[in-house]
Structures are given as C-alpha cells and as structure tokens.
Amino acid sequence: MKIILTKKQLKVLYRLIAAALILAGGLVFKNFGESGAFPVLDGSVTLWNRDFSLFSIILFFLFLVPYFIAGYDVVTGAFKRIFRGQFLDENFLMVIATLGAFALGEYSEAVFVMVFYQTGELFQSYAVNKSRREIAAMMNIKPDFAVLFEDGTERKVAPEEVLPGSLIVVKAGEKIPLDGIVEKGNASIDTKALTGESMPVLAETGSEVLSGSINLNGLLYIKTTKVFKESTVSKVLALVERASSRKAKAENFITRFARYYTPVVVGFAVLLAVSPALFDFFVSGVFRQDIFLKWFRQALIFLVISCPCALVISVPLSFFGGIGGAAKEGILVKGGNYLEILAKARYGVFDKTGTLTRGKFSVVAVHPEKTGKEELLEIAATAESVSNHPISASIMEEWNIYAEKHGITRDLKADISSYEEIPGKGIRAVIKGQTVLAGNQKLMEEENIPFRNCHREGTIIHIGIDGEYRGHIVITDQIKENSPQAIRDLKTLGFKKTVLLTGDKESIAKSVGAELGIDEVRWELLPQDKVHIVEELIAEKNRLNPRDKLIFTGDGINDAPVLSLADAGIAMGALGSDAAIEAADVVLMDDNPGKLPLAIKIARKTGRIVKQNIVFALGVKGVILIFGALGFATMWEAIFADVGVSVLAILNAMRCLNTKGLKK
C-alpha cells in the first residue's frame, strides 16, 4: 500500500521522529546517570530556594525538549483556546496531564504520552486525507479549460466563460468541460468519475455528453447546453462539498457528548486529586503530602484516560468514509444523516418511467383520424419539440427519422407561438394559430374532446386540434435490465413493502409491476396524488414501526415534491431532471437502480462500524477509567486507553471506504 503524506503531515512525522530519538537518548542518559556513571553531575544548584542536582536539571531539559518538539502545537493551541473560553477539549486534557506529570518528576511518561497522542493525531489526519483522496480521485473531474471553436479557429477559455449554444472542441485525453450534444465526431468516453462504471460509453453525433467525462480516443465537436455552474460537473462537486456539513444523529450525539463529558471528567479528576488527602486530613488532623501526590498522579492518569479522541475522531470519519465509498461507486450521498436513513430503510417507493424503465420510449404506431399519418406525426413533434420529457424525445426521434428520409430540414420550434406543459397530462401549444393538445386520456377528458383508445399496449398520446380529435400515437418503454434484480435485492435486505407510482394507465402499470415483483402498484397519478400516497405510506409505517424509514426513487420534475417528502429521496442523476437531483438526498449517477441496494449495504456497513467504534471506545475507556479512579491504572494503561483505542477505532472506520465485498 502506497502511503501519501502531505507536507504538514511530513513535518509532524519528522518532529515525532526527532522527539523519539531525543527521548531515547534521554532514557539512556537517565539509566546511566542513576547507575552513577556521571559523578561530575552529582553537584547541586539552588533554584527558587530549593536545591537541585545538576543531573536532575539536565534530565529535566533533556525530556522537556522532545516534549515541546512533539507537542508544542498542542500546548499553544490549548492556551489559545483557554483565552477564548473554549478550553474544555482533548488538547486541554493532554496539556494538564502531561505538565502535571512533569511536575511530579515523571518526565519520560509525559513525553511518551505527548508523542503517542501526536502519533494518534497524525494517524487521524492521514485517515481523513486518505478518505478525501478517495473522493477526490473520483471527483477529479473539474475541467481546467474549454476550447471554443469560432469562425474556424480554436480558443482556450475558462469553462465559466462558455455560453449555452457555443461549439467546443474536446480532443482525446481531455475532460469534457460542459454538458452538451455532440455535433460532429465520435469517441469512447470514460464516465467513471460520474457514474462509477468503468465501461466506456460511445459518444457520436446527436449523443448527449456530460461534463466531467473524459474523451478517450476521438475528436468531438460539442454544442453546449448549459452554463458551467449549471452543468453536471459543477452540481456534483457542490453535492459532495455539502455532504460533510450534514451530520448524522450519531455525529451530533458525539458532539453533544463531548461538550458535557469533558467538564464532567475534569471535575471528577479534581475531586480524585484532593478528596483522599482532605478526607485523611479531617480524620487524622494532619495533611499528608504523600497521599495528595499519589492521588494527584492518579488524577492526571485519569485525565489522560478520559480523552474522548477515539469517539470524536472515528465516528465522523466513519460517515465520511461511507460517503467516500459510495461516491466511488457513482452514488452521491448528501450527508451522513442520509446514510443513517438508508441503513434503516424498509419501505421502497418508485417512479416508473426513467427510474425502473429505461425512459427511452419509441413510437410503435401512429393512428390518424381526419388527417394524414405524416401530418399527425409532424403536428405532434412540433408540440413536443420544446419539452425534454422522454415521451417528447421519442416522438421527436421518430420525426427526425422521417424528416431525414424525406429531406425535411425545417425548424419545428419556429411554428410555436405559445407553449404550456400540464403536469401529469400533456402539452398545450399554439402552432400556426391553432391550439394543439398532445397528452393522455385525462387531458382529452378535461378539454371535452371525444377520443378513441387503441387496442395496442403502451402509452397513448392523443392529439387534438382546436377541440377536434385528430388521432393518437402509441409509445412503449422498456424495463431496465437491472430493475428486477434491484427489487429482489431490496427484499433480501429486509424491505417490507415496495410500491410503484406512475401516471401511466392501469394495464401498463400492472404489467411492469408484475414483471418486477413490486408489492403494490398505483396508476394514473398526478404529482399531488403521489404526495398523498407517500403521506399515507409514511403514516402506515409509523404506526407499525416508527424506526423504519421510507425511501422514494424518481427522476422527473414531478417527482421533486415526493423526493423531498420521503425520509430519503433518491434521484437518477444521468437522465434525471435538475429539479429532482436538487430535491433528492441521494443521487445515482448512472441511472442504475441496481446501485440502490448497494447504497443501502454501504449505509448499513457504515452504521455497524459506527456502533462498533462507540461501544469499543466507551467500553475500553469505561473499564480503564474505573481502574484509574481506584488507583490501579498506570500511565501506560492511560496511553493505551487514549491513543491505542483511537488508532484501533480509526483503522476500523477506514473500512467504510472499502465496498468491494458489498457488490454481490
């Protein structure tokens, strides 16, 4: 395993090595001096009206030097926080304990405690940076430049300067700087940084490409569709940056715990230091210095034991590692709190189109009435040309095939004078002065237009012009190849209910639900209907077990309210709408529903590791604290209880980054 340290970490490492070498020299000097090897140092010096041997003075400074080399930043940091009124932290405990050990003449123990403490801090810093590097390696997707192609010349500019509709050039080996559509060229592109999938994707003329992907082997001319701050790469980076600020309940618990824990243990240590001597004084009437020094030493040991480093470090690190491990797999979790929710998820609610199905519709039939087949397709394509809905895209694709075959190059959008998208129903547009309605059965009924249903299975888009029915177009969708296994995996993971919500008609909804093994299917739903159903499901699961969580997975604009309502909303990131991704708490970057069970496995593994660290840290510290309070623990047990437990907890927390064993 290659170990990579930052300059700051290397500096700390060199300090620790220097401190350890001087400490070793001091121990050798101490052993030789105590055996009488340096008689010349037997003389004494009077300081502060007390006599000190030259040997003891040299020994003091010989240990004081490595102490400050190893821990000067801990000491100065503790004193700075004292003046700010924020002194009750682990640094404060370490400074009190180690300076107290110096006062008692336990020089080597004080240096050992500081060296080991700083070793633990270095280990923590390395672990956090390793987690960050794991994410950064996956997230190293921010492009440094974009190459604008204008008037036959290329010009390198910052991605932020490129406007939508601009033509950019991306050569082999370069990152795609902005989202867009390939105008010319073809190449294999690596989307692993976004999706977690190692298999390259073919980009050719007409393909949509996402910023952050890497052009592997071709020359692409891309017409940009978004400004940089709205592009995929920018949104993904923003999601990851915000993730660490959203703490899980376990993290908040540790923060509150440390706030109260530190003053309590400091107070108990003070009582431990003075109570035995005071009790003996009240009983015997004589203050015995030996009793006070004995229990003062035990109080210092107690403070070293009590440092909550293992909890304060390992719990946030575990969640950070879980987020990093998920990110490597193309799963963006917006905070540790959502990992906790995923771990407790037992109810799964799904949108159909674009979530469990491909969202890639294709026209299978055009049935005109009172007009020609080509005319019906053209008017439908014109009405749908402004929308980015998958159904609209399928009609446009069919029209483009027809137009290319017949040499038609007209811009359909130019014929539209007004346009309105009616959620859950369809589109109303004014085309060449005529009011065109293109949508489902509900839209026709709402507008009082008599219509004719089709015998074919699929999604039916009815067309009405100025209140007169002109026919319909039949469109079908396909179930994603990963969807059936995803539902089976969720049930294996203990899901109590899976529900499919769709605006599609009953026959299609039931057919898809049966093929996937969904427990409950609801159809012909408007966005507000989905909200009401999810509210009912949440109330139901709260009655049965309030600790269970409900997750909703969707991809469309009309899914945004439900994504926000669910305990955790999961959005499809590649084809999903910006509104859905913004409203979601988890984003599956490659639109693969099979990643959902993996996300839950990662979340549950993270939760297990967090619990292990909490139980281990509190258990070990609790036992040794009791021994320390009773006077049986030495400084070495104290060092293990602090640094040893921290290192073991950190090692355990770093397991959250490893997801290989979960992908089965």
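## Ground rules

The model is predicted, so local features need pLDDT of at least 70, side-chain atom pairs count only at pLDDT 80 or more, and totals for chains, interfaces and linings use all residues. Residues are numbered from 1 along each chain as its sequence is written, and side-chain values use heavy atoms, with hydrogens and water left out.

## The whole chain

The protein chain has 20 helices and 24 strands. Both are DSSP runs numbered from the N terminus: helices are H or I with at least four residues, strands are E with at least two. Of the 664 residues in the chain, 51% are buried. Buried means under 20% relative accessible area, exposed means over 50%, and partly exposed lies in between (1.4 Å probe, protein chains only).

Contact means heavy atoms within 4.5 Å. Take the contacts between residues at least 6 apart in sequence: 67% of them join residues at least 24 apart.

## Helices α1 and α2

Two packed helices are described by the angle between their axes and the distance between the axes. Helix α1 (residues 7-34) packs on helix α2 (residues 54-84) at about 165 degrees, with the axes 8 Å apart. That makes the two roughly antiparallel. Angles under 35 degrees count as roughly parallel, over 145 as roughly antiparallel, 65 to 115 as roughly perpendicular and the rest as oblique. Axes are lines fitted to C-alpha atoms, for helices over the stretch in contact, and angles run from 0 to 180 degrees between N-to-C directions.

The crossing of α1 and α2 is left-handed. In such a crossing, the near helix is turned anticlockwise from the far one by less than a right angle; clockwise would be right-handed. The contact residues divide into 17 nonpolar, four polar and five charged. Here Ala, Val, Leu, Ile, Met, Phe, Trp, Tyr, Cys and Pro count as nonpolar, Asp, Glu, Lys and Arg as charged, and the others, Gly among them, as polar.

I22 lies in α1. I22 is partly exposed, at 27% relative accessible area. Leaving aside neighbours within four places in sequence, I22 contacts L62, V65, P66 and I69. The C-alpha atoms of I22 and P66 are separated by 6.0 Å, though the two residues are 44 apart along the chain.

## Nonpolar cores

A nonpolar core is a set of buried Ala, Val, Leu, Ile, Met, Phe, Trp, Tyr and Cys residues joined through side-chain atoms within 4.5 Å. The largest core has 56 residues, and those touching the most other members are F63, Y67, F102, V111, F302, I305 and M635. Elements giving two or more residues to this core include α1, α2, α3 (90-103) and α4 (107-139).

Not counting residues up to four places away in sequence, F102 touches F60, F63, L64, Y67, Y107, A110 and V111. A second, separate core of 41 residues includes Y338, L490, I551 and L588.

## Helices α11 and α12

Helix α11 (residues 373-384) and helix α12 (residues 390-405) pack at about 130 degrees, with axes 9 Å apart. They are therefore oblique to each other. Their crossing is left-handed. The contact residues divide into seven nonpolar, one polar and four charged.

## Two loop residues

K432 sits in the loop between β16 (426-431) and β17 (434-439). K432 is exposed, at 60% relative accessible area. Its phi is near 50 degrees, a positive value in a residue other than glycine.

D466 lies in the loop between β18 (459-465) and β19 (468-476). Phi of D466 is near 50 degrees, again positive in a non-glycine residue.
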